[in-house]
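Here is a friendly note to read alongside the model. Keep the picture open and look up each residue as you come to it.

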Amino acid sequence: MRGMPDAELEDLELDRLSRGAAYGTAADAADLAADLNPALTVRIRVDRGWAADVLAERSAGAGLVVVGSRGRGVPAGLLLGSVSHALIHASACPVAVVRV
C-alpha cells in the first residue's frame, strides 16, 4: 500500500496470515464435528483479542461454549488454564472444558 511504512505493512501481512491460519484450524475442527454429528450447527468466526474476553462476549445467545485445556498448570492438580478459568466465570452460557 502506497504511503505506509514498511513496519505497518509487515504488521498487516502478519495479521492477514494469522487470521487465515486461525480460520483454517477452525474450519478443520468444524468439518470434524460435522462428520461426527451432521445435525450439529457450527459457526466459524475469527476475532482479535484475549480469548476469554472474546469467547465470553460471543457466548451470549449460545447454548454451550466448548474449550480445550492441556492441564499443564503447576501444581499438577491444576487442570484449567487461564482462558478456561476466566471463561467459566464470565460466560453467559454453560462452558465445557475438554482436556486435550
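Which residues are buried in helix H2 (residues 51-58)?

1. **Helix H2.** Ala52, Val54 and Ala56 are the buried ones in H2. Buried means under 20% relative accessible area, exposed means over 50%, and partly exposed lies in between (1.4 Å probe, protein chains only). These buried residues of H2 pack against helix H3 (82-90). A contact here means heavy atoms within 4.5 Å.

2. **What you are looking at.** This is a predicted model, in which local features need pLDDT of at least 70 and side-chain atom pairs count only at pLDDT 80 or more, while totals for chains, interfaces and linings use all residues. Residues are numbered from 1 along each chain as its sequence is written, and side-chain values use heavy atoms, with hydrogens and water left out.

3. **The overall plan.** The chain has three helices and two strands, and along the sequence they follow the pattern α-α-β-α-β. Helices (H or I, at least four residues) and strands (E, at least two) are DSSP runs, numbered from the N terminus. Of the 100 residues in the chain, 16% are buried. Among contacts with a separation of 6 or more, 59% join residues 24 or more positions apart. The chain exposes about 7,600 Å², and carbon and sulfur atoms supply 57% of that area; accessible areas come from the Shrake-Rupley method with a 1.4 Å probe, and for residues only the protein chains shown count as cover.

4. Side chains of opposite charge can pair when their charged atoms come close. A salt bridge is a side-chain nitrogen of Lys or Arg within 4 Å of a carboxyl oxygen of Asp or Glu, and five are counted by this rule. One joins glutamate 13 to arginine 16, with the closest N and O atoms 2.6 Å apart. Both residues lie in helix H1, three residues apart, or about one turn of the helix. An α-helix has 3.6 residues a turn, so residues three or four places apart point the same way. Glutamate 13 counts as partly exposed because its relative accessibility is 35%.

5. **Arginine 48.** What does the side chain of arginine 48 meet in a salt bridge? The partner is aspartate 15, at 2.5 Å from N to O. This pair links distant parts of the chain, 33 residues apart: arginine 48 is in the loop between H1 and H2, and aspartate 15 is in helix H1. Arginine 48 is exposed, because its relative accessible area is 62%, whereas aspartate 15, at 23%, is partly exposed. Leaving aside neighbours within four places in sequence, arginine 48 is in contact with Asp15, Arg19 and Val54.

6. Arginine 58 forms a salt bridge with aspartate 47, and their closest N and O atoms are 2.8 Å apart. Arginine 58 lies in helix H2 and aspartate 47 in the loop between H1 and H2, so the pair ties together parts eleven residues apart in sequence. Arginine 58 is partly exposed at 34% relative accessibility, and aspartate 47 is partly exposed at 28%. Arg45, Asp47, Glu57 and Arg58 are linked in a network of salt bridges.

7. **Alanine 27.** Is alanine 27 buried or exposed? Alanine 27 is buried, because its relative accessible area is 19%. This residue lies in helix H1, and its C-alpha atom is separated by 9.6 Å from that of arginine 45, 18 residues apart along the chain.
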